[in-house]
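Dear colleague,

I am passing on the structure we spoke about, and below it you will find my notes on what turned up when I went through it. Please read them with the coordinates open beside you.

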Amino acid sequence: MRQANTDTSQHESSDPSRSHPSLPHDLSLWQIALLALIAAGLMILPTFEPILWPLAWVALVPIGLGLRHLSVKRAFLLGWWMEAFATWIGFYWLIGTMVNFGHISVPFSLVLFAIIGLGNGIRLGLYTWWLRWLDIYSRPAWYRFLVPSCTFVMLDYLYPRVFPWGLGITQWGATPLTQIADLTGVHGLTFLLVTCSVTVTALIPHANAPAPPARWRMSLACLLLTGAAFGYGLWRTPQIHAAIQATEPFRVAVVQPNIGFDEKGDRAKRDAQFLKQIDLSRATLADQPDLIIWPETMYPYAVPSTEQSLVLPILQDAPDTHWLIGALAYNQQGNQFQRFNAALLVDAETRIID
């Protein structure tokens, strides 16, 4: 009799002819906002502290639980607000950037920042809307396992955002798990994280949960995927360390003169700024750098795209040192004039290599 009940549950779970689940759509806007905020915190906090990386493995569980009690329309709000909150928490520094470097007033910066968050949030709004629609109209167990992860990764690829950001980067504190990125990129990690959240959500009982055998199959598949990723990391990490140890050291000097964006544009000061940067670069030669790196647009003179060399001191006592210099380059053909924010690689003889 127990087996017969299980079969019936499986059949009903995959029957597309069933309409809406029996659970009421009873979450208020405040409850939706709270769930969205909790999920956003779980997703973003590991980017601040590496020890918090396990939180990202259940970041979407509040979303999965909330979708059980929402209509399709309100499901969109849940995902939309979640990513909006995540943007506002994770990219809070944009306000200071706009005020200090863009010279935008604080009120207008706050408005722009709010718009950026709401624009980014549409991505996860589409995600939760789609999942809720599938849950209502077509609910086989394999849909619940694969579709959320595939949809999440697809939207990472396709949806334009001001700052592309992947859920997988939250695992920067879990070295063995991140090694699969050399095969799958960050999206492979994102796929794993979403799959884990989906599986945990399925294991929490509710009226329209997958049948027990389906839940155990989802759990087994999730464990196998995670175990494979972890095992690959344990195998790959020693190889990387061995390659690092076998490689000759490459010494890099990063020269930061702390000159503001507005100061760089002051023609009266550019010669003094250039000499300051040269003096700081010379000071690094005692450490025998292979490469000296200057900041963005630090070279104060415009560089034609046809230029073969830069005005730099020839480093007689460091003949193998190269420079990587931020500069403004330009290309002029007749009346057409183009400017480029460029990075120039220069050898010790001041020749532009690339």
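In this model, which is a predicted one, the largest nonpolar core has 49 residues, and M82 and Y127 are those with the most contacts inside it. Two or more residues of this core come from each of the helices α2 (29-44), α3 (61-67), α4 (72-90), α5 (93-100), α6 (106-137), α7 (141-158), α10 (186-203) and α11 (212-246). If you centre the view on M82 and set aside its neighbours within four places in sequence, you will find M82 in contact with A36, A39, A40, M43, A59, L60, I63 and L124. Apart from this core lies another, of 22 residues, which includes V255, I278, W323 and V346.

Residues 27-45 are 84% helix and 0% strand, with 25 Å between the end C-alpha atoms, while residues 75-95 are 90% helix and 0% strand, with their end C-alpha atoms 29 Å apart.

Turning to charged side chains, the structure holds 4 salt bridges. In one of them R123 pairs with D156, and the closest N and O atoms are 2.5 Å apart. Because R123 lies in helix α6 and D156 in helix α7, this pair ties together parts that are 33 residues apart in sequence. R123 counts as buried, at 1% relative accessibility, and D156 is buried as well, with a relative accessible area of 10%. These two residues also belong to a network of salt bridges that links E83, R123 and D156.

A further salt bridge joins the side chains of D182 and R236, at 2.9 Å from N to O. Here D182 sits in helix α9 (residues 181-184) and R236 in helix α11, so the pair ties together parts that are 54 residues apart in sequence. D182 is partly exposed, at 42% relative accessibility, and R236 is likewise partly exposed, with a relative accessible area of 25%.

Finally, the side chains of D347 and R351 meet in a salt bridge, again with 2.9 Å from N to O. In this pair D347 is buried, with a relative accessible area of 9%, whereas R351 counts as partly exposed, at 48% relative accessibility.

With best wishes

Methods: Residues are numbered from 1 along each chain as its sequence is written. This is a predicted model: local features need pLDDT of at least 70, side-chain atom pairs count only at pLDDT 80 or more; totals for chains, interfaces and linings use all residues. Side-chain values use heavy atoms; hydrogens and water are left out. Helices (H or I, at least four residues) and strands (E, at least two) are DSSP runs, numbered from the N terminus. A nonpolar core is a set of buried Ala, Val, Leu, Ile, Met, Phe, Trp, Tyr and Cys residues joined through side-chain atoms within 4.5 Å. Buried means under 20% relative accessible area, exposed over 50%, partly exposed in between (1.4 Å probe, protein chains only). Contact means heavy atoms within 4.5 Å.
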